[in-house]
Amino acid sequence: MNIEGIPYRTIWPAEDGVAVEIIDQTRLPHEFVTLRLENLHDAAIAIKNMLVRGAPLIGATAAYGVALAMSDKTSDAALEEACATLAATRPTAINLGWALARMRALLLPLPPGNRPRDAWRAAAALCDEDVKINRAIGEHGLQLIRAMLEAKGEPVNILTHCNAGWLATVDWGTALAPIYAAFDAGIPVHVWVDETRPRNQGASLTAWELLQHGVPHTVIADNTGGHLMQHGMVDMVIVGTDRTTACGDVCNKIGTYLKALAARDNQIPFYVALPGPTIDWTLENGVRDIPIEQRDAQEVTQIRGRTAEGELATVTLTPHGSPAANYAFDVTPARLVTGLITERGVCLASREGLLGLYPERKR
Ligand code: MRU
């Protein structure tokens, strides 16, 4: 994507070849700042503290984290330690474990001396693959938006939750990829952007990247979607996912489930866009089996923004002494999902639907 005319990915190897550069997403939308990750520790902290976030980008950063670790020490023990350190950063997005398993399987059989070179190459290949996958998701999702345009006229009003855009992946995004593809194809779209408390990925990140691309959008408080749906102001919902089970249960940012319930009550199609690596083929029941990250309560009790004087400030919202809970994700059962938009096409959210697109997963 372009930021003021300059093409960027969200992660890239530094020119000196010894570090990785990222966009610090904790500074958006107020400041666009790039940062260098110099070693394994930097990569792990970037994921844990959400300087990078979004399931595919977490996986890409973990792959580069392994490459940074291998540049330092190349032993089997160092590889295992790097994978364990990165795996412990965030529990919910399966792309993290997927990327680490892929790096480990490639590097472990190699002579240690070859590991740094091959690790950097593998991380770069994983990023290129992510971009290719997301572009394909965009093309498949575009057909759904085009069909909606033909069915109801313009503009097509799409509601999204959290940030499953360019910033959550290496490029293009998952849920936002069809929206960018539709916009670029000249289809009039308008996006309702859920603010996505407590970390406000919608208000801070989705709004920012849609603005960069020129896509019409409106930021709404999280509780607004149901009202808009009742009044015919939402044509479809498209969200991303951090982990989808083999049966099509979808784990995504907290609050997604409530949007799916409201969409079902109003007969509004609810789509989930996802790359193949986000499918956890080992799990069936998402509500029961997907680990849900719980983060610091301060993310709920405090909020950060820019004051009228232009300063960045953090303020407290809650009474001193009120405990807060911060569940970061929830699970939308497959029965509430109209379809899954993948790089291989659109399918029903079911084992049969997924196996139709990924037949190599049949036992
Ligand atoms: O906590 P975050 O910001 O990492 O959560 C991100 C999401 O929930 C996204 O919707 C999901 O990762 C899909 S990203 C293409």
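This is a predicted model: local features need pLDDT of at least 70, side-chain atom pairs count only at pLDDT 80 or more; totals for chains, interfaces and linings use all residues.

Entry one, the search. I looked through the whole structure and found three cavities of 30 Å³ or more.

Entry two, the largest cavity. I noted a volume of about 170 Å³ for the largest cavity, and I counted 23 residues in its lining, of which Arg53, Gly54, Ala55, Asn163 and Asp242 lie nearest the centre. Two or more lining residues come from each of the elements α2 (55-72) and β11 (250-253), and α2 supplies the largest share, three residues. By class I recorded 10 nonpolar, nine polar and four charged residues in this lining. I then checked the domains, and the lining of the largest cavity takes at least three residues from each of domain 1 (2-129) and domain 2 (138-362).

Entry three, the second largest cavity. Here I noted about 80 Å³ of space, with a lining that includes Pro56, Gly59 and Ala60, as well as Asn95, Trp98, Glu129, Asp130 and Pro275. The elements that give two or more residues to this lining are α2, α4 (94-107) and α5 (115-152), and the largest share, four residues, belongs to α5. I recorded the classes for the second largest cavity as seven nonpolar, two polar and two charged residues.

Conventions:
Residues are numbered from 1 along each chain as its sequence is written. Side-chain values use heavy atoms; hydrogens and water are left out. On a 1 Å grid over the protein atoms alone, a cavity is a set of points where a 1.4 Å probe fits but cannot get out, and a pocket is an open set with protein on both sides within 12 Å along at least five of seven lines; lining residues have an atom within 4 Å of a point. Grid points are joined across faces, edges and corners, and a volume is the space filled by probe spheres set on the points. Ala, Val, Leu, Ile, Met, Phe, Trp, Tyr, Cys and Pro count as nonpolar, Asp, Glu, Lys and Arg as charged, and the others, Gly among them, as polar. Domain bounds come from an automatic or database domain assignment.
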